[in-house]
Amino acid sequence: MSRLLHSRPAVLPRASVALALAALCLFVGSSHVPAPPRHGQTDVLEALKAPIATLALATPQPVAPSPTLAPTTPQPVAPSPTLAPVTPQPVAPSPTLAPVTPEPVPPSPALEPAAPEPVPPSPTPVPDIGELVTLINGYRAENGLGPLVTSPALTQAAQWMSEDMAGNGYSSHTDSLGRDNLGRLAAFGYDCTAYNTWCGENLAAGTATAWETLDAWRNSAGHNDLLLNADFAALGIGCAYNRGSTYGWYWALELGGQAP
């Protein structure tokens with residue numbers, strides 16, 4: 001009982017309640033005045049009263065029936081849409097490029113070969129033969145010798161020889177006709193044998209001036225000996241120039257022991 005009192009009101013079964021009420025009615029309706037309760041009876045009566053209040057208070061309230069839940073009708077699930085297969089879009093073929101035909105290049109007009117500008121012929125240099133005569137005599141004077149006089153025959157022979165060398169591109173004491181200096185001098189009227197005299201010849205090629213020519217002869221022992229030979233008394237000088245020849249300038253000096 002202590003557990004029920006200290007907890008919640010106990011709910012007696014319906015049969016137990018009926019029996020208790022019947023016993024109570026019998027007890028109350030009786031004219032018998034009960035004797036004062038003996039020690040211990042009061043507790044019993046109190047104990048019997050307590051359940052009545054408790055029972056009154058514990059009359060169960062009608063419980064509303066739980067509403068009947070209508071069965072949940074499952075919502076129809078919409079089927080997943082069927083994906084239509086993706087039809088690949090037709091790819092337009094790349095346009096076929098027509099081969100590029102190179103434009104014909106017009107041929108360059110044939111250029112006529114440029115006619116070379118006519119080069120005016122250079123004037124033929126005029127050698128200063130008189131200067132060389134002066135230089136030779138000056139050189140002889142420096143060495144204590146007398147001057148040489150100009151011989152027309154020796155001059156003609158010397159000029160022919162210089163032109164023959166320039167025209168035939170050689171430098172030799174034998175001319176294009178196969179003659180030596182004595183034969184040439186005789187052909188031009190200076191016969192060394194007939195005159196019983198000394199004769200000599202100096203040649204030079206490639207020297208352009210009288211000074212260069214004299215300097216070349218002075219620096220050659222054999223040529224220098226002829227320049228300073230005391231037996232000579234006459235001379236003749238010739239000079240010729242040929243642009244297309246081997247040496248360009250050609251000089252000839254003819255010497256004789258007999259003055260004209």
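**Entry 1: Cys239 and its strand**

I began with Cys239, and found that its bridge partner in β4 is Trp251. The model is a predicted one, in which local features need pLDDT of at least 70 and side-chain atom pairs count only at pLDDT 80 or more, while totals for chains, interfaces and linings use all residues. I note also that residues are numbered from 1 along each chain as its sequence is written, and that side-chain values use heavy atoms, with hydrogens and water left out.

Helices (H or I, at least four residues) and strands (E, at least two) are taken as DSSP runs, numbered from the N terminus. Two strands pair if DSSP finds at least two bridges between them, and for β3 and β4 (residues 249–256) I read eight bridges in the antiparallel sense. Cys239 counts as buried because its relative accessibility is 6%, where buried means under 20% relative accessible area, exposed over 50% and partly exposed in between (1.4 Å probe, protein chains only). I then looked up β3 as a whole, and seven of its eight residues are buried.

**Entry 2: the sheet**

β1 and β3 pair in the parallel sense over two bridges. Thr150 has Leu235 of β3 as its bridge partner, and Leu235 in turn stands opposite Leu255 in β4.

I looked up Ser151 next, and it is found in the loop between β1 and α5. Ser151 is buried, because its relative accessible area is 1%. With contact meaning heavy atoms within 4.5 Å, and leaving aside neighbours within four places in sequence, Ser151 is in contact with Tyr190, Ala234, Leu235, Gly236 and Pro260.

Ile237 is found in β3 (residues 234–241), and I count Ile237 as buried because its relative accessibility is 2%. Not counting residues up to four places away in sequence, Ile237 touches residues including Ile129, Leu132, Val133 and Ile136, and also Thr155, Ala158 and Gln159. I then checked Pro152, which lies 85 residues from Ile237 along the chain, and the C-alpha atoms of the two are separated by 9.7 Å.

For helix directions I used axes that are lines fitted to C-alpha atoms, for helices over the stretch in contact, with angles that run from 0 to 180 degrees between N-to-C directions.

**Entry 3: α4 against α8**

Which residues of α4 meet α8? They are Glu131, Leu132, Leu135, Ile136 and Tyr139, and on the α8 side I find Ala210, Trp211, Thr213, Leu214, Trp217 and Arg218. By class, this contact of α4 with α8 has eight nonpolar, one polar and two charged residues, where Ala, Val, Leu, Ile, Met, Phe, Trp, Tyr, Cys and Pro count as nonpolar, Asp, Glu, Lys and Arg as charged, and the others, Gly among them, as polar. The axes of α4 and α8 (residues 210–218) come within 9 Å and cross at roughly 35 degrees.

The structure holds one disulfide, a disulfide being a pair of cysteine sulfur atoms within 2.5 Å. Cys192 and Cys199 form it, with their sulfur atoms 1.5 Å apart, and the link is left-handed, with -100 degrees about the S-S bond. Are these two cysteines buried or exposed? Cys192 is buried because its relative accessible area is 7%, and Cys199 is buried because its relative accessible area is 19%.

Asn196 is found in the loop between α7 (192–195) and β2. Asn196 is exposed, because its relative accessible area is 72%, and I noted its positive phi of about 50 degrees although it is not a glycine.

**Entry 4: the whole chain**

Last, I looked at totals, and the protein chain has nine helices and four strands. Of its 260 residues, 23% count as buried. Among contacts between residues at least 6 apart in sequence, 68% join residues at least 24 apart.
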